[in-house]
Amino acid sequence: QVQLVESGGGLVQAGGSLRLSCAASGRTFSTYAMGWFRQAPGKEREFVAAISWSGGSTYYADYADSVKGRFTISRDNAKNTVYLQMSSLKAEDTAVYYCAARWGSIPPTRAPQVDYWGQGTQVTVSS
């Protein structure tokens, strides 16, 4: 089992920055590809970003309001932690952000692929 504990959410003004952290338990963190998803009120959970087992490859959502260029995912296997650095935040980024883990090297880009979820952390972007 893998337990994921998220932190770093909060209230930020539009254009601001925020860094989310996800700490994983156990000694097998490096065997999981990791990702971040988000869910806004009344919306389905959607993919934001993912990172490979080695950390050498990253993937970002390609929807119209792309997070690519504004968000950066990274991981530190020595600390069993994955991060999501968010900048140039917009009101439409407001959501609960969830850390996700998938066993193996293939990163999770769809919710059904996720083996473990964090509890979620609220990000609210105001103007």
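Rings of Phe, Tyr and Trp (its six-membered ring) form a pair if their centres lie within 6.5 Å, and a pair is stacked with planes under 30 degrees apart, edge-to-face over 60 and tilted for the rest. The model is predicted, so local features need pLDDT of at least 70 and side-chain atom pairs count only at pLDDT 80 or more, while totals for chains, interfaces and linings use all residues. Residues are numbered from 1 along each chain as its sequence is written, and side-chain values use heavy atoms, with hydrogens and water left out.

**Exercise 1.** Find which residues the ring pairs link into a cluster.

*Solution.* A search of the whole structure gives 4 aromatic pairs. One of them is the edge-to-face pair of Phe37 and Phe47, with 5.7 Å centre to centre and 70° between the planes. Phe37 belongs to strand β4 (residues 32–39) and Phe47 to strand β5 (residues 46–51), so this pair ties together parts 10 residues apart in sequence. Tyr98 and Trp117 also pair edge-to-face, at 6.2 Å centre to centre and 80° between the planes.

**Exercise 2.** Decide whether Tyr98 is buried or exposed.

*Solution.* Buried means under 20% relative accessible area, exposed over 50%, and partly exposed in between (1.4 Å probe, protein chains only). Tyr98, at 13% relative accessibility, therefore counts as buried, whereas Trp117 has a relative accessible area of 30% and is partly exposed.

Note on methods. Helices (H or I, at least four residues) and strands (E, at least two) are DSSP runs, numbered from the N terminus.
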